[in-house]
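Subject: Structure handover

Hello,

Here is the structure for your files. My notes on the strand pairing follow below it.

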Amino acid sequence: MSPQSIAEPLYVLIYTHEATRLPARQSNSIGIYVFSITPSDKAIIDIGANLTHESFANDFEDVIHRAGQANINHMIITGSDVEDSHKAATLATENSDLFSATAGIHPHYAEQYSDDAATALLKLLELDVVKAVGETGLDFFRDISPREKQIKSFRAHLEIAEKTNKPLFLHQRESHDTFLSVLKEHRQSVGRVVVHCFTDTAAALHDYLALDCYIGITGWICDERRGAHLLDCVSSIPLDRLLIETDAPYLMPRNLRPKPKTRRNEPCNLPWVLNAVASARPETVAELATATTDNAVRFFSLQK
Ligand SMILES: [Zn+2]
């Protein structure tokens, strides 16, 4: 920690539930940013919700009810290992109007990757409700699985996407250079790609957009301590490449008011992400709701 220099901008968040919209982002001479928060009156899609997480086991129906009240009309349930991908696929099969699933092995669990795991994932991907390959990618921030294993698993998932012709749901943290070079090896032979929970620099964003990737924005953008740079980044994402997600139960939006009693994030908090994105772009909240929903429908081949 170092004392904040006077030259650095100060971030001040102002919250309102009024339907009227303040100018997108106001910046005065000393760099005070003002956010406006309005609920979404258009249906939106959470493209990354870890709804198989144990924290949802006791009140799953309530969580889904709250999501409905917040106008979240579809959720893509992230599969993070083989067993978890099975659970995600089961939930999606039981209620395909509301849920779809991904199938993959998160870089944290890359050590679990094996030929048998690949066979199991391929089987899951035969299901229509399993819409994407992932979560896969690289995470050199936490390094929970050895990097070589992460790279091996990532490459194998790219091959699975080639075989199945399904889009890729990718995770990258503190691993941009390696991630980019592995992705480039396969970019020509795979279809749609989303770099979910994008938190990296403008230069990294530029690299992904040059590879025609979609970009998933989470509540990280609502974090005035570590996500402020995303407000600048998000304005350079083409409207037809922008997706929004909660990554629930992780990444509770820090601008959420009233302050939640729990740290567990839920899909019903997606409008806070939508609003933060809208504060940094020329479109209205409603326009962004429509565009990100269209993008999610196209990306995951959802029925509308
Ligand atoms: Zn992730």
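Two strands count as paired if DSSP finds at least two bridges between them. The model is predicted, and the notes below should be read with that in mind.

On that definition, β4 and strand β5 (residues 99-103) are paired, in the parallel sense, over 3 bridges. Within the pair, Ile77 lies opposite Ala101 of β5. To get from β3 to β4 the chain passes through helix α1 (residues 60-69), a β-α-β crossover that is right-handed.

The other strand to look at is β7 (residues 168-173). Strand β6 (residues 130-139) runs parallel to β7 and is joined to it by 5 bridges; Thr136 stands opposite Leu170 in β7. Helix α4 (residues 147-164) carries the chain from β6 to β7 in a right-handed β-α-β crossover.

β7 is also joined to strand β8 (residues 193-196), by 4 bridges and again in parallel. Phe169 has Val194 in β8 as its bridge partner. Between β7 and β8 the chain goes through helix α5 (residues 176-186), and this β-α-β crossover is right-handed.

Regards

Key:
Residues numbered from 1 in each chain as written. Predicted model: local features only at pLDDT ≥ 70, side-chain atom pairs only at ≥ 80, totals over all residues. Helix = DSSP H or I, 4+ residues; strand = E, 2+ residues; numbered from the N terminus. Right-handed = clockwise from strand over helix to strand, strands pointing away.
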